[in-house]
Amino acid sequence: MSGPPTAGGRAPAFGLFFQPRPPGWAGRFPPSLALLLRVATAADARYAETLCQWYEQSAKARGVGIAKRDPAYVVKKMLNGDAVIAFVNDELAGFCYIETFEDAKFVVNSGLIVNTELRKEGLGRAIKQRVFELSRTKY
């Protein structure tokens with residue numbers, strides 16, 4: 001898999017977040033690791049299958065069956081600009097999306113997933129912060 005789409009014409013300027021350590025970052029990553037958090041786009045559809053595998057594996061590890069997602073659903077969130085995707089050193093690291101109810105009267109963040117090797121480092125918190133900001137901007 002090649003690296004993630006970047007701002008070089010493939011990802012919109014809106015929602016592009018690149019910071020080695022975002023505000024509030026509580027992780028323990030060395031400064032040499034580059035973190036990219038941004039709004040997911042159609043170009044990220046290639047990661048949908050992997051993300052859905054992560055959801056399923058996470059559910060199995062916790063002994064719950066509620067986390068399975070359809071790749072088409074994840075792609076829909078990407079196409080609508082209703083998701084944040086994370087990369088660490090150009091590798092897929094995490095994802096979260098927005099759900100709306102009653103004609104967007106109610107908005108929630110859902111589907112947070114972080115690569116198991118990167119958990120407990122504050123990445124989930126950083127993703128949640130970005131998806132919250134996206135929610136506030138869009139809705």
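**A tour around helix H1**

Select H1 first: its buried residues pack against helix H2 (71–79), strand E4 (91–101) and strand E5 (106–114). Helices (H or I, at least four residues) and strands (E, at least two) are DSSP runs, numbered from the N terminus. Contact means heavy atoms within 4.5 Å. Buried means under 20% relative accessible area, exposed over 50%, partly exposed in between (1.4 Å probe, protein chains only).

This is a predicted model: local features need pLDDT of at least 70, side-chain atom pairs count only at pLDDT 80 or more, and totals for chains, interfaces and linings use all residues. Residues are numbered from 1 along each chain as its sequence is written, and side-chain values use heavy atoms, with hydrogens and water left out.

Now colour residues 48–62. H1 has 15 residues there and reaches 21 Å from its first C-alpha to its last. That is close to the 21 Å expected at 1.5 Å a residue, where the expected span is 1.5 Å times one less than the number of residues.

Show side chains next. Ala48, Thr50, Leu51, Cys52, Trp54, Tyr55, Ser58 and Ala59 are buried in H1. An α-helix has 3.6 residues a turn, so residues three or four places apart point the same way.

Pick the cysteines. Cysteine 52 is buried at 5% relative accessible area, and cysteine 96 is buried at 0%. The disulfide count (cysteine sulfur atoms within 2.5 Å) is zero.

Zoom out. The protein chain holds three helices and five strands, in the order β-β-α-α-β-β-β-α from the N terminus. Of its 139 residues, 45% count as buried.
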